[in-house]
Amino acid sequence: MSPRKSSFARGLRWVAAALALSLGVDRLAVQWINPYFYRILVLCGLNVMLALSLNLVNGITGQFSIGHAGFMAVGAYASAAFTVYAVPQLFGVGPDASGLVIVGPLLLALLVGGLTSAAAGFLVGLPSMRLRGDYLAIVTLGFGEIIRVVILNIDAVGGARGFAGIPRRTDLAWVIAGALTTWVVLRNVLRSYHGRAFLAIREDEIAAEALGVPTTRYKVTAFVIAAFFAGVAGALFAHYTYLHTNSFTFMKSIEVIVMVVLGGMGSLLGSVLGATVLTALPEALRFASSERLIIYSLLLIVLMIARPQGILGKTEGKRGK
Amino acid sequence: MQELFQQLANGIAWGSIYALIALGYTMVYGILRLINFAHGDVYMVGAFAAYYLALATGAGGAAASLPMALLVLLGSMLVCALVGMLIEFLAYRPVRRSSRLTALITAIGVSLFLENVGLRVFGADPKFFPQLIPPKRITLAGGIMVTNHQITVVVVSILLMVALTLFIQRTKTGKAMRAVAFHRDAASLMGIPVNRIITITFAIGSALAAAAGVLVGLTNPKIEPLMGIMPGIKAFVAAVLGGIGSIPGAVIGGLVMGVSEYLVVGYVSSTYRDAIAFVILILVLLIRPAGLLGRNVAEKV
């Protein structure tokens with residue numbers, strides 16, 4: 001067997017294992033836990049995707065994006081519009097369809113969401129040629145807000161009423177598969193030649209440039225990849241629950257950043273942990289209903305003072321004061 | 001034409017409020033390189049402090065008069081100066097030597113804390129800000145209608161900005177602030193008490209935010225605990241637009257934001273109001289990456 005073939009076979013085995021795992025967990029979850037916990041698991045999975053993808057930009061490449069919810073919104077609305085307007089014509093699959101027939105259309109919708117969002121990521125990544133640090137951050141913030149306002153003004157996707165009539169097609173299996181895919185892709189990127197380039201930019205952009213790393217291209221690439229997965233997460237979200245631009249405010253972007261930082265900048269496992277903890281924590285604090293967000297914010301401050309590198313972070317994200 | 005000047009007048013009044021908040025952002029950023037996300041919430045605290053002060057002193061009802069209004073303004077500024085100093089001491093000082101992102105997350109934590117404590121203490125439903133000054137409509141030359149509240153906003157803002165500029169340019173403390181902003185460690189070596197200067201910066205910035213909170217209470221009398229989020233973000237954008245760290249830049253940025261918002265409301269659609277600020281910002285940054293009045297610092301290799 002040639003090495004190439006064997007790696008292909010190994011890849012297939014991974015895919016099969018991932019599919020079995022997602023479907024298995026989903027079946028078990030449907031059987032054993034109540035809908036409330038099921039919903040939290042789904043949201044956990046989506047947040048894992050968001051945190052992992054943002055980590056590529058903020059943790060691994062050392063850029064600073066605070067508009068991640070904007071990419072999620074682009075993916076969500078693009079895929080939802082695709083499902084509502086294009087899928088019935090293209091495949092003859094109506095909104096009430098269920099079973100295996102929806103697999104193809106949903107997969108395609110996720111791809112549409114991801115690619116549209118990736119295109120947006122390319123546009124947002126471009127200013128990184130000229131802007132650094134806080135200025136780049138504020139451009140990403142601006143992008144997130146502009147996207148939200150623009151969507152709010154498009155009547156075909158519901159505008160301020162929210163987008164109704166999207167069939168509910170996402171289940172836990174899809175979300176787990178999505179999170180696994182994000183994880184595997186990012187892990188492989190990180191271990192590759194390109195991964196070293198991303199890390200080099202974070203450690204010292206000038207030195208990286210001097211060693212021949214095309215820094216602009218890599219920064220834009222990081223934005224594109226991150227936007228793609230955020231878009232897919234958004235697409236899964238759109239096919240799961242009520243879609244309204246209020247789900248993609250600045251606060252959502254902040255939430256994802258907090259997950260990344262809390263888990264540990266640059267650590268993939270940390271992002272998974274951070275996303276899970278921060279999705280579950282507000283729910284776990286429900287016993288103190290009106291004080292829970294006060295406790296949450298205090299925990300955040302205390303954690304930053306006590307362990308600024310995050311739970312699984314090895315080093316501090318970046319030098320500087 | 002009259003319509004244009006009308007929107008300009010409204011925009012300038014609203015922009016002055018942004019400018020006052022932006023000053024706090026830009027001062028703190030200049031000294032600590034920290035985006036103080038809690039700043040918008042300090043502005044909210046300022047509005048509520050004034051609300052309760054006005055209720056307690058009767059300045060909103062029977063005893064309404066100009067000196068009482070001034071008293072409420074100063075009281076609220078004092079409360080927020082203390083809040084700002086407390087935030088700096090308890091939350092920001094412990095993370096000052098950590099990475100900038102750590103400090104940023106801490107600031108977000110403080111922001112969430114103030115918002116949620118606000119929701120708990122003040123209640124989620126909007127409160128109606130008492131009328132510190134009886135409202136009056138004034139017609140300027142050319143038929144432009146303004147309220148005396150809008151004029152108050154602009155006048156008070158100008159007074160505060162002039163006072164701030166004089167303070168920073170003419171006093172010893174102001175000079176020390178500039179030195180710390182220029183190079184903190186070198187300033188420290190020259191015997192400047194850096195910690196005290198940072199505390200003073202927070203006190204002044206927060207007091208200005210409180211003034212903005214009181215002024216906004218005059219013109220838009222509905223106040224609620226989450227009112228600081230959007231103006232906070234936009235004031236920050238205004239600071240970046242003008243060139244963060246630059247005090248005249250913050251004022252210009254705030255006015256540009258306010259005026260452009262009202263022009264969009266008047267000529268395009270009020271639903272695009274929240275987006276225009278960011279569009280202008282991105283355009284400006286693409287042409288002048290350091291903002292309108294920001295200094296382009298040469299990159300050291």
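Among contacts in chain B between residues at least 6 apart in sequence, what percentage join residues at least 24 apart? The figure is 76%, where two residues are in contact if their C-beta atoms, placed from the backbone, lie within 7 Å. In chain A, residues 24 or more positions apart account for 81% of the contacts with a separation of 6 or more.

This is a predicted model, in which local features need pLDDT of at least 70, side-chain atom pairs count only at pLDDT 80 or more, and totals for chains, interfaces and linings use all residues. Residues are numbered from 1 along each chain as its sequence is written, while chains are lettered from A and ligands numbered from 1 in the order in which they are written.

**Overall form of the chains**

Helices (H or I, at least four residues) and strands (E, at least two) are DSSP runs, numbered from the N terminus. Chain A has 12 helices and 0 strands, and its pattern along the sequence is α-α-α-α-α-α-α-α-α-α-α-α. Chain B has 11 helices and 4 strands.

The radius of gyration is taken over C-alpha atoms, and the globule rule is 2.2 Å times the number of residues to the power 0.38. For the 321 residues of chain A, a compact globule would have a value near 20 Å, and the chain has 20 Å, which agrees. For the 301 residues of chain B, the rule gives a value near 19 Å, and the chain has 19 Å, which also agrees.

A residue is buried if 20 or more other C-beta atoms lie within 10 Å of its own, exposed if 12 or fewer, and partly exposed in between, with C-beta atoms placed from the backbone.

| Chain | C-alpha extent along principal axes | Buried share |
|---|---|---|
| Chain A | roughly 60 × 55 × 40 Å | 49% of 321 residues |
| Chain B | about 55 × 45 × 35 Å | 52% of 301 residues |

**Core and interface**

A nonpolar core is a set of buried Ala, Val, Leu, Ile, Met, Phe, Trp, Tyr and Cys residues joined through C-beta atoms within 7 Å. The largest one has 203 residues, of which B:Ala47, B:Cys80, B:Ala211 and B:Val237 touch the most other members. Helix 9 (residues 215-238) of chain A gives the most to this core, with 17 residues. Beyond its neighbours within four places in sequence, B:Val237 has contacts with A:Ile138, B:Met257, B:Ala277, B:Phe278 and B:Leu281.

Between the chains, 35 residues of chain A are in contact with 36 residues of chain B. On the chain A side, helix 5 (133-152), helix 10 (250-263) and helix 12 (292-306) each supply at least two residues. Helix 5 of chain A gives the largest share, 10 residues. This side divides into 22 nonpolar, 6 polar and 7 charged residues; Ala, Val, Leu, Ile, Met, Phe, Trp, Tyr, Cys and Pro count as nonpolar, Asp, Glu, Lys and Arg as charged, and the others, Gly among them, as polar.

Helix 11 (residues 268-284) of chain A has 17 residues and should span 24 Å at 1.5 Å a residue; its end C-alpha atoms are 24 Å apart, which agrees. The expected span is 1.5 Å times one less than the number of residues. Buried residues in helix 11 of chain A include A:Leu268, A:Val272, A:Ala275 and A:Thr279. Their cover includes helix 2 (35-60), helix 6 (172-191) and helix 10 of chain A.

A:Leu172 lies in helix 6 of chain A and counts as buried because it has 23 C-beta neighbours inside 10 Å. Leaving aside neighbours within four places in sequence, A:Leu172 has contacts with A:Val25, A:Asp26, A:Ala29, A:Tyr38, A:Leu41 and A:Val42.
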